[in-house]
Amino acid sequence: FACLAWSHSETRLLYVAEKSRPKPQPPCPWDVPGAAWPAAEDEDEEGKQFVYHEDWGEALSTRSVPVLCILDLQGLSLSVLEGVPEHLSPGQALWSPDDRGVVFVGWWHKPFRLGLNACSNRRRPWDADPLLPTELLSAEEGSVCSPRLSPDGQRLLYLEGAVGGPHRQCLRLRMVSWASWAPGMAVPPCAASTCPAPLAAFAGLYAEALPPRCWAADSRRAVLGTPQRSRTQVHGTGHPWCSSGQLWSPTRVLSPGSSEGCWELLTLQWDLLVATCSAPHHPPSLVVALLPPAGQELPLGWVPVEDTPTIPGVTWKTLTIQPPCSGQGPAAQGEPLGALLLSPSDGTPPHPLVVCPHGECRDSGDTLAVLVAAQVMPMLAPGGPHAVFDARWRPSMAALCQLGFAVLLVNYRGSLGFGQASISSLLSRVGEQDVADTQLAVEQALHREPLDPHRLALLAGSHGAFIALHLLAREPERYQACALRSPVSNLPALLGTSDIPDWRYTSLGLPYSFERVPRAEEVATMLQRSPIAQAAQVQTPVLLCVGARDRRVSPTQALELYRVLRARGVPARLLWYPEGGHALAGVETEADVFKNCAHWFLQHLGQ
């Protein structure tokens, strides 16, 4: 929801805040029953102290009713914009070109709220209001975000996706001309690009948001970043880069084809691009480039502003994995999948291998205590399955390499960056296709690289942990250790405990509606696809790490699994973090999780 936008005159500030609720007055210590009646104004609040108030789920538990506020610096006044439709929660707001109106995204919260974190498929049209009442600008059934006004105030750019289906998917980049917009009129279809199929040049747009400043000074071009297979690139779009005047599709790669695997645009101001670039063995460096005038040839001349040294003892490569073509389902079933292999450059091969199928990878910071560098950063942040392991700097993975382990990061079919057909191919095949792809990646890596097939471990979170548990049950003697964060183990049990109950249906190819109640055969199918149903086959020592405040995957999933494993004599350890959420974020928590995972692997695989 967050926004903080100056008016063009710089006299007013637009921002979003959480609507406050009246706090009940504590009783006076000398109150005697019947001695006084509540004041008339308090009567409406009597009996409401424990009324349930919805929030927006994982990582947004303190967000329920956002409101738009305006701070007027000239009049020294503060006001809340009234008139937002009751069924919408507003956010991501900005001023109209003349400062007389506000453009905002409205999240649909009727009949109840579904989790928003890492979900681009929620119903959220966007509106413009001449300081209210509102007028709908986008399709009412769409899911839009990141409205960005061009410097000349003539064009509005935003991202749009489908409502429902996969939580993350290929998005469209839409542009509307502000001057030609009429109240109540949706963005003309000709102003948008369609989502491309997985082509060699461009595999689709998957950004969670546009950069706050993404327009070139000429107001005709924009720059953004998006995953493309196992790398993240910076792309340019607009005139004259697009082949058609009406087509807004990221067609020009602006980041160089260097060894750095992840380029992220921070801002674009006065045609100065500011970005970071990193790789699995190279922490992020700050770079800048001047965007050339329209029509001039690339490549750009990127200049390092603050460079970081390469981490010794780590090498990496991209592996292309070709799955067998079954001849069934979408064409993407036979499309290649990707994996990243990090290996120690020191030591004597073959190296022990840690296999990591992703959940949802939170790339804003990635793992734990980098023991050798004495710095603390975040680890595998769980979720998924529609995410991607791109070739960025991940401190935990580099640390594992320096401890002597090779690391395989698997992008199974259904990962972002490989085309919408790949994402859709996983629906109804969860627990089958993703598991088979991960095992195929392991087999091909063992065949091609100097790795020890007798010292294998699994490290994963959320849906990645779901995949890992299936692998343990299918090949009980293959893996010698397993460390899991916020694991999904019992699908039907999540229907009443997760902030995204819709995913339980979508993942099995079933339709979802708010009033949906599962039928007995659907619950049976969910249980059949659940790792807990095959837990009796697991023999590998398992470390479980969960947050007590996890709203996406209840920690009781791990607790149930822990009890089953202990009852069967399988070595198991459960770490319970009282203040932890789904991602187990926070310096102390992340450091403790990494320390325990590393120790678990050293204990069961040997150094």
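Let's start with helices and strands: the chain has eight helices and 28 strands, where helices (H or I, at least four residues) and strands (E, at least two) are DSSP runs numbered from the N terminus. Please keep in mind that this is a predicted model, in which local features need pLDDT of at least 70, side-chain atom pairs count only at pLDDT 80 or more, and totals for chains, interfaces and linings use all residues. Residues are numbered from 1 along each chain as its sequence is written, and side-chain values use heavy atoms, with hydrogens and water left out.

Now, the inside. Of the 607 residues in the chain, 55% are buried, meaning under 20% relative accessible area with a 1.4 Å probe, counting protein chains only. The largest nonpolar core holds 57 residues; such a core is a set of buried Ala, Val, Leu, Ile, Met, Phe, Trp, Tyr and Cys residues joined through side-chain atoms within 4.5 Å. Helix α4 (residues 463-474) gives the largest share of this core, eight residues. A second, separate core has 35 residues, including Trp393 and Cys597.

Back in the largest core, Leu353 is among the residues with the most contacts inside it. Setting aside neighbours within four places in sequence, Leu353 touches residues including Leu341, Leu408 and Leu446, a contact being heavy atoms within 4.5 Å.

My last stop is Pro487, in the loop between β26 (481-485) and α5 (502-506). Is Pro487 buried or exposed? Pro487 is buried, with a relative accessible area of 1%. Beyond its neighbours within four places in sequence, its contacts include Ser462, Leu469 and Val546. Pro487 and Gly464 lie 23 residues apart in sequence and 7.8 Å apart in space, C-alpha to C-alpha.

How values were computed: Buried < 20%, exposed > 50% of the residue type's maximum accessible area, 1.4 Å probe, protein only.
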